[in-house]
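Thanks, everyone. I'll keep this brief. Here is the model on screen.

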Amino acid sequence: MAATRGTPLDRIMRPVHRWVWADADRRLRKLLAFAQVETDGGRDIVRAAEVTPDPLLRRLYLEHAIDELRHGDLFRARGTALLRARRTRGATLLAGNPLPGGHGLDDLRIDGEPDHRLLAFLHVAEKAAASRFTIYRELVDDDPETRAIFEHILRDEVFHMNYTYTQLTRVAPGRYRRHIWHARATRLWNRYLRIAAAVAGLFGGAVLSAIYFIVLPPFAWLAKRAERRETPGWTARADGSPSRSQY
Amino acid sequence: MKILGLSAHYHDSAAALVVDGVPVCAVQEERLSRRKHDASFPAAAIDWCLEQARLEPGDLDAVVFYERSMLKFDRILTSALRAFPRSWRSFPAAIRNTLGEKVWVRGIIASHLGVPREKILFTDHHASHAAAAFLTAPTERAAILTADGVGEWATLTAGHGVRRADGGTAITLAREIRFPHSLGMLYSTFTAYLGFAVNEGEYKVMGLAAYGRPTMVDRIGKLLRRTPDGAFALAQEYFEFQTTASRSYSSKFVDLFGPPRDPHEPIDLESADGRRFADCAASVQRVLEDVLVDIARALHRETGLPDLCFGGGVALNGVANARVLAESGFERVFVPPAPGDAGCALGAALYADRIYFHNPDREVPDHPFWGPAVSGDELARAAREDGLRVHELDDAALVDAVAAELAAGRIVGWMEGACEFGPRALGHRSILAAPHARETRDRLNRDIKFREEFRPFAPVVPIEAADRFFDLPPGGARLARFMSGVFPVRAEWRSRLAAVTHVDGSARVQALERGMAPRLHALLEAYGRRTGIPVLLNTSFNVAGEPIVARALEGYSTFRRGGIDLLVGGSTVVAKGAIAPAETAKENVGWWSESAAESGGV
């Protein structure tokens, strides 16, 4: 069963995962990031329960959402406990999160989406998460409480993988395989978009930084000079009536 | 004339529709998208408003955006230049963020709605706040004060509004305080320092303040100095909101107040750090109140008017509002139900109607219920499908039954009619409970709302009985109409209103007029007949991190997930306790099936 061994990619990435989990600060950050991702995912699934016309799916989505929200609480509680136990407190520990998060639901649209698409997406996402969490569980052998959380969550993930699959075969009996492959392709495409956006962001940032240092200094000098002339306090106000101007 | 007002792109996007001078609907995007404080372009809110009024985009005479986006860009760029070279990290992100979408708002509106660009208007951010406060208030002439973090350049404005006998309307905002000097930014900086989310955790700072003593007012005096003309200025060396998006306070700020609170660390009021944080909150709250009272007092002297209309995010601070009412000289203070940026959508539409198109003034209904309506049938269907007990009752029977349940200690999810526009649940999307025992408050915080234990809950009381339980000053009932003021609970009732009495003996009370929410008013009376106290705990119908519910199924999913005992939607009452298939869903579906998971390469 692939889900309990970890996928080949996760096994290849094992040294990276080991590096992440070996350090107390990174572990703590990872747990708190998971807390956020699981909670956000839970809310998305709550929304799915609210919009589906299928009563059985509504009940299952709700059950699933409650699990995800509970996972968020478990991760948050563990992260907070580790935070309290930390001896050295660095102000930058929680400023931003450079590490990869959990499985999450990415930028999944819920409203207006058919159930088969969501079920396929959830199935693929849960399977990926279970694979990843299996590796994590092994890497936190030195931390029984964190390991217990992963074990608990993995049991839930089995249910999630199972019901999403069986329900997908129910709502789309002839096309469920295609939907799953489509969900996989969509996940892959979303990853590509994220990477592409990050790379584009780097280039854009570099160009804007260059403009900042090359073009802006004289304007900055003028802006500072104007600022020095301003006196704080009340200023007479121009007419703010509606107009077609954005200025 | 049909005018659509929009606010978007910073926090709490919203759309509001004004037809022939009167609002017909308004809703925040978050209520439809279900993403709290959703700041995206309010496509769903626009579509809902048009559908509600049975209009096509082509029927609109104007679409009004609540601020001037290029002027805002001017402020962002100028601030970056002034902070050169310290702003080098934030500059690329700020430019990308602004140029990515925010400055192209005219094109976005035109392409989404398909309306000609000439129909798209812009108002000043604070003019929208002012209009939302003045044009929705039942007053002929009033002083106007607006205060928030920042709009385009203004952070606080003062002026007055007049409804003339000939039907004309004038709003004059004569002066302003400009960025970076901002009361809202000062409060938000402390919000961030105290480990709460900016634009969301300001309520928590206000709640926490009651546990502390204002021992750091002198230190805050180094951050904020008063100017000779009665305004104020922030000492920029203590702040970083101009130079970076990641932190709003500087190292010098930390040197002055100590290490910031870690957001994940609970506040332990027994610890030295916990007390320090509470004192910080109490101190910034005191400074905010003092400055607002001074400015309002000067405005009162200047205008000589008895009424003040107060708008902007700072007007959500009920403790400060109560002090302004008590100490500024104004007899009445009007705070709209949505004083923040969402309310600007309505303000912008009304402003355009009265000022740009010179339409005669029309009385605006004095209630907050402009959002989607709840369907009892939808709720009944879902509950029956899940095997829950469902009752359909007429109003009288429903009110009696719910009053009995509340008196027995049950917690009730209450949905009726159109949902509120604005951040407060004012009787149409509320969680109601008996207000007597502290345990109820703890249970709500722990099992239903999942929020910090120091946060208080608000009471709702019929306006006729408000004075008996709460020490409302003259004009207090008006401020309490939309839960905009915090007032003392009378000492003799505090022990019997323990769930809604804050640690300092105060409560953010809603004084309910029968005409505004007749059924809730009847429920309060019925509860009063049973218990002798016609007061209920009233908190917004949501859980932490989620928007207030709008539609029946959103209330239902919240009911199923938490500790709410009874759910009311229209004339439908749903109770927990019967067969609930969701609890056995795992067993029904079966557990792990290797063949299912492995087949098809899944």
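Helix α6 of chain A passes helix α7 of chain A in a left-handed crossing. This is a predicted model, by the way. α6(A) covers residues 115-139, and α7(A) covers residues 144-171. Their axes come within 8 Å. They cross at roughly 155°. With angles over 145 degrees counted as roughly antiparallel, that crossing makes α6(A) roughly antiparallel to α7(A). What does the contact of α6(A) with α7(A) have by class? It has 14 nonpolar residues, six polar and seven charged.

Look at β8 of chain B, residues 169-178. It runs antiparallel to β7(B), residues 154-163, and nine bridges join the two. One pair to find: B:His160 has B:Thr172 in β8(B) as its bridge partner. β8(B) is also joined to β1(A), again antiparallel, by two bridges. There, A:Ala236 has B:Arg175 as its bridge partner.

Last, the two chains together. 66 residues of chain B are in contact with 55 residues of chain A. On the chain B side, 32 of the residues are nonpolar, 13 polar and 21 charged.

That's the tour. Comments, please.

Key
Residues numbered from 1 in each chain as written. Chains lettered and ligands numbered in written order. Predicted model: local features only at pLDDT ≥ 70, side-chain atom pairs only at ≥ 80, totals over all residues. Axes fitted to C-alpha atoms, helices over the stretch in contact; angles between N-to-C directions. Helix = DSSP H or I, 4+ residues; strand = E, 2+ residues; numbered from the N terminus. Parallel < 35°, antiparallel > 145°, perpendicular 65-115°, else oblique. Left-handed = near helix turned anticlockwise from the far one by under 90°. Nonpolar A, V, L, I, M, F, W, Y, C, P; charged D, E, K, R; others polar. Pairing = 2+ DSSP bridges. Contact = placed C-beta atoms within 7 Å.
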